[in-house]
Amino acid sequence: MFNPFSTRGSVIAAAVLASAMLTASAFGSSATAADHGEEYFPLQSYRVGPYAAGGTGFFGGFIDYMNLVNIRDGGVDGVKLTWSECETEYEVERGVECYERMKTQGKPGPAAMNPLSVGIAYALLDRATTDKIPLITINHGRTDTTDGAVFPYIFPLLLNPWSEASAMVNYAAGRDGGLDKLKGKNIVVLYHGSPYGKETIPIFAMLAQKYGFNVTEIEVPHPGNEQESQWLQIQRIAPEYVFLRGWGVMNPVALKTAQKVGFPADHIIGNIWSNSEEDVKPAGAAAVGYIALTDHPSGTDFPVMQEIIKRVYGTGQGNLDDKSRIGSGYHTLGVINGILNVEALRIAHTHFGDKALDGEQVQWGFDHLDLDDKRIAQLGATGLLPPIHVTCADHEGAGAVKFQQWDGTKWVVKTGWVYADRKLLRPLIEASANKYAADHHITPRACDKVALK
Amino acid sequence: MTAALRTIAPRQWALIALLVVAFAVVPRLGFDYLFDAILLPVLALGLAGIGLNLLTGYAGQISVGSAAFMAVGAFGAYNFMLRAPGVPVLVSFILAGLIAAAVGIVFGLPSLRLKGFYLLVSTLAAQFFVQWVLTNFHWFANDDPSGVVTAPQIVIAGIDVGTSAGRYVMCLAIVLLLAWAAHRLARSQVGRNWIAIRDNETAAAVIGDSVFRSKLLAFAISSFYCGIAGILWAFAYLRTVESDGFSLDLSFRILFIVIIGGLASIRGAFLGAVLLVTLPLLLTRFGAAVFSSTNSGVIELAEMILVGLLIIVLLIAEPDGLVSLIDRGWKRIIVGRLPRIS
């Protein structure tokens, strides 16, 4: 007979009880974030795993900004912002599960998806387009999604990977006295072994051919905590510059290993995902002099950061556990991502009215996202992000970065906005997007031609 | 007719009812989440579990290279569909499975000399080698800059099975067919040879079982199953084909599925897959509902600990896996009180 007091009986009883509770909560929780008149942002975040530093900083900043808008303004044009988190650990299959779980939440549906993972973004290209939910890949993503005619719902805002590569080459050229000075020089690109890392392989090869420098592209397998052989190879090549396209733990390990093989830190140029305090502090003295590009300079002096400190952290609603990370690279990028999402929503309100909008309506807002210097100043973010002008055909909208140097305690911005050669890249982006359209039987929508400076 | 019906055991009735529900009722529910987040990964991982179970559970050869063979299948099918557009989709699936089988034979060769942990290490080589090849030779991903390719549309006999329900039905049909084949195979002479080798290799050789042939056959068939599972994983579930996704982590998950579900059992692979897919999801939702104010990273870490603990408890309480747990439960329902041995 079943005896609940025997060992086996109690194990079974506990298991039955636990599964009953789990099932109840599984069905009970699906109605959490869906209240009337609220705009819902699903957050596919990652707070554990090898990329937790990036995830906690970025999503912390995003949440902090949404909190600021709710506390200070009572929402966007009276519509309160809500959100919920789903842990992805930066893994594609978990990201897909999170997407499927969250896409039906919120009323009248999610505003936009911000997964902060190229791998997950790739898996969502189709789904987000079919479900009519904007997919935001700020500073990363698949480059040819910049062509909004083929990818109406995908937005690699501010800086796509190819623009980043072009800006790095332009900076190196500027430092040496012009693009013609690059001829014959050796440059090594050390990249993260993931879709994100591989995205720029053909573009560096193209730029090398165009400007006559020699490029060697070396992969560091994910997650990148072992780089001896790669840096020994770099030592043999003895390049002028190493372009570091790292992510997470790969960055400090690269800087430390570079020091070990005697490669000077000020000839390592980090990209947009190798530029946060979390990337350099663990490397200690090895990071001093290291240069990285950014379109989201660190610091707490910007008025918007001051407001977050005062109104959000001051009232105990801040998202970062470690207050010293406020204003770090990742956190700042999260705040900027918040600004862009909120402004897109505001622009969509001018067209559809001040109410909770669905993904299709928010897409209109992103498609018309236009922040000039004046608007950026009103937002208290002057110098924090470049002006951005998104159009139907151009979903990047900016393509400018600054270069900063680590002095051992803080980043010092060394340049003004350095621009990518977007005119050079645009035909390649269109060719790649059109190939995708042909392969997937997509008829590109009609957009005005992009006018690039 | 009635006599024939009467010979069907209650267990078979349950199976028939399950099939009717799976094919006729479930696809009509129109609940995308169920297909895209639960059923599709369960079917793909379950099939990979069967593949590994043929090798490990029946033939006794341990492997941590399952994900590598899944990758071979997925990239194989992608390239067949890309480069030979006239070939029907299902034929390209089978061809890709055969390539996975061939790769499986190559990496199975060391099993003729190596046993146990040493064999484990050599299958680990398969895992790393396949990923290395797929990462470094861009031809396999059609020279895509990021190495990630979007899975093409699947059109079978003129029907686009692109919807969630369509992909589910396709997967279900393929998986059930292969599961039935594996079930028959395990009870055939081939399966008996495998079990003989697993239980005592020397004795098996003495009674005339060709150890050489049986082991390589086990690697080939197991890799074929993994290859097809990889196709379903990449084409029907994730819908992107990417070498990084077929990592050692995935290989270990499949090994856990086999161990938790029950070694040398076809049903066990599915039970293990269901548990490994749904348990973390249930815990996540439970955590989110109860501790909504806590940092989601803390909840996530707590869940990982809990999943680990539950698996340990399960294996201590039931070392033969979920299959034997369910079998005893079933007997209790059908037979009533079991005689107690004390």
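Student: What is the hand of the crossing where α2(A) passes α12(A)?

Tutor: Helices here are DSSP runs (H or I, at least four residues; strands are E, at least two), numbered from the N terminus. A crossing is left-handed if the near helix is turned anticlockwise from the far one by less than a right angle, and right-handed if clockwise. Where α2(A) passes α12(A), the crossing is right-handed.

Student: How reliable is the source, and how do I read the labels?

Tutor: This is a predicted model, where local features need pLDDT of at least 70, side-chain atom pairs count only at pLDDT 80 or more, and totals for chains, interfaces and linings use all residues. Residues are numbered from 1 along each chain as its sequence is written, while chains are lettered from A and ligands numbered from 1 in the order in which they are written.

Student: Which word describes how α2(A) and α12(A) lie to each other?

Tutor: Their axes are 7 Å apart and pack at an angle of about 45°. Axes are lines fitted to C-alpha atoms, for helices over the stretch in contact, and angles run from 0 to 180 degrees between N-to-C directions. Under 35 degrees counts as roughly parallel, over 145 as roughly antiparallel, 65 to 115 as roughly perpendicular and the rest as oblique. α2(A) and α12(A) are therefore oblique.

Student: How many residues of the contact of α2(A) with α12(A) are charged?

Tutor: Two residues are in contact if their C-beta atoms, placed from the backbone, lie within 7 Å. Residues of α2(A), including A:G57, A:F58 and A:D64, meet residues of α12(A), among them A:L333, A:G334 and A:V335. Ala, Val, Leu, Ile, Met, Phe, Trp, Tyr, Cys and Pro count as nonpolar, Asp, Glu, Lys and Arg as charged, and the others, Gly among them, as polar. The contact has 12 nonpolar residues, nine polar and, as charged, one.

Student: How far apart do the C-alpha centres of domain 1 of chain A and domain 2 of chain A lie?

Tutor: Domain bounds come from an automatic or database domain assignment. In chain A, domain 1 is 32–160 + 299–389 and domain 2 is 161–295 + 400–422. Their C-alpha centres lie apart by 27 Å.

Student: Which helices each supply at least two residues of the side of domain 1 of chain A that touches domain 2 of chain A?

Tutor: The contact takes 19 residues from domain 1 of chain A and 22 from domain 2 of chain A. On the domain 1 side, 10 are nonpolar, nine polar and none charged. The helices are α2 (52–73), α4 (118–131) and α12 (329–352) of chain A.

Student: What is the radius of gyration of chain A?

Tutor: Chain A has 15 helices and 14 strands. The radius is taken over C-alpha atoms, and the globule rule is 2.2 Å times the number of residues to the power 0.38. For 453 residues a compact globule would be near 22 Å, which agrees with the value for chain A, 23 Å.

Student: Which element gives the largest share of the side of chain B that touches chain A?

Tutor: 34 residues of chain B are in contact with 37 residues of chain A. The chain B side has 16 nonpolar, 10 polar and eight charged residues. The largest share, nine residues, comes from α12(B).
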